[in-house]
Amino acid sequence: SVRPSDYEKVKIFVTNLLAFLDVRPEATRVGLLQYGSVVQNEFSLNTYSSKADVERAVKAMDHLATGTMTGLAIQYTMETAFTEPEGARPADMHIPRIAMIVTDGRPQDTVEEVAAQARQAGIQIFAIGVGRVDMNTLRAIGSEPHSEHVYLVANFSQIETLTSIFQSNLCTDLCSVMDHQCDHLCVSTPASYMCRCRKGYTLNSDGKTCQCSDGVMDLVFVIDGSKSLGPANFELVKQFVNGIVDSLDVSGTGTHVGLLQYSTKVRTEFTLGQYTSGPDINRAVSRMQYMGRGSMTGAALRHMFEYSFSAKEGARPDMPRVSIVFTDGRSQDDVSKWATKAKDAGITIYAFGVGKAIEEELREIASEPDDKHLYYAEDFSNMGEITDKLKSRICKEKPSPQEMCKCENVMLFQRQVNELLRRLTQNNILYSPVVVCIL
């Protein structure tokens, strides 16, 4: 129903919108779908990296000139166009996801349910109708409030009048022009804004104020399952892990826990996003099967760095990231490279060595200052009482609230580990560690 001359006006409308957007991979990314009886992906969010390339692609589009499957187009937008392989950035980056849908007729399929699903998935939808489009259909597609997301013009010649409206909606920095009352940070979104908290804090239910996370973290265990450990000692390690888990506030909004076991290969026993209660994690740990082969600690650190703290596996943004690496002997591969990468990425690593563990390797694994995050026991009967030797250095004299929260989190974790090791054994540990809160 869109005539060739009108189709060209839609292309001009799209290129006019591009004029006020900062199109770059690290700024605004643009994708385009054309739909009729089928959905045709003209280009994805990651296809072009400059405004000029996008404009050329828009001008080169050929008219499909078939039916009007608007619901199918919305479904494709939600399930494919806004996925990371197609160039959408991870949801935890809080970059607005916007769909602008232009239609001139009644859909030949249903739109209400799939549009609601897309909006619930975090996609902000602008519905633009031209000509004899049913207004109720546009309202079923567009986001609330409809006054800012639903538009109807009489013909394609008038569609250009919407350009200035969208420029205002998409580019106004509401954080700078209104009393947003955000406790920490205000982030402008099209026609709205959201409050965010600094690292180490979580957003309260009011959506504006922030509170210290109080020891909440994303914690990944990296557990040695090599042959030198032995089945009996592997059971002791499982008890050690469950003891730490029991000392944490594990919940959907609290601490999340993941675990890798490694020997010759690396196996994810469970991810950060898999369980949301301590008892569920305890059961998963108890069910772990001993691998009993080589000792590739470096490969385990690489897996932890590349996958375990990814959004796909349940890692949360702005959350302290901690890893406890347990080993009982010399690694058969290099540990330095991937331990360094993990620490440079902000992951705090505690290295626990027992028996024939090599002190030099433990120092390479542990966070800096490495001797403050390193624990060593002569044997499994000495996985020991660190209580009197585990201390925290005083945070700097007048830390900011953000720094104080970070410090509180680290010290609380220290106390939790401290209490666990007190319960596990009566013997003194050979190595005397001190854990420092780094600001």
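Predicted model: local features only at pLDDT ≥ 70, side-chain atom pairs only at ≥ 80, totals over all residues.
The link of Cys182 and Cys195 is left-handed, with -75° about the S-S bond. Are the two cysteines buried or exposed? Cys182 counts as buried because its relative accessible area is 10%, under the 20% cut-off. Cys195 is likewise buried, at 8%. The structure holds 1 disulfide, so defined by sulfur atoms within 2.5 Å.

**Helix 9**

Next, select residues 231-246, which make up helix 9. This helix has 16 residues and reaches 23 Å from its first C-alpha to its last, close to the 22 Å expected. Colour its buried residues, among them Phe234, Val237, Phe240, Val241 and Ile244. Lys238 is also on the list of buried residues.

Now display the side chains of Lys238 and Glu235, which meet in a salt bridge of 3.2 Å, N to O. Both residues lie in helix 9, 3 residues apart, about one turn of the helix. An α-helix has 3.6 residues a turn, so residues three or four places apart point the same way. How do the two partners stand in accessibility? Lys238 is buried, with a relative accessibility of 5%, whereas Glu235 is partly exposed, at 38%.

**Further salt bridges**

A search of the whole structure finds 12 salt bridges. Side chains of opposite charge can pair when their charged atoms come close.

Move to helix 10 (residues 278-287) and select Arg283 and Asp280. Their side chains meet in a salt bridge of 2.4 Å, N to O, and the residues are separated by about one helical turn because they are 3 residues apart in this helix. Arg283 is partly exposed, with a relative accessible area of 46%, and Asp280 is partly exposed at 27%.

Continue to helix 13 (residues 359-365), where Arg363 and Glu359 are 4 residues apart, and therefore about one helical turn. The salt bridge between their side chains is 3.1 Å, N to O. Glu359 is partly exposed, with a relative accessible area of 40%, and Arg363 is partly exposed at 27%.

How values were computed. Residues numbered from 1 in each chain as written. Heavy atoms only, no water. Helix = DSSP H or I, 4+ residues; strand = E, 2+ residues; numbered from the N terminus. Expected span 1.5 Å × (residues − 1). Buried < 20%, exposed > 50% of the residue type's maximum accessible area, 1.4 Å probe, protein only. Salt bridge = Lys/Arg side-chain N within 4 Å of Asp/Glu carboxyl O.
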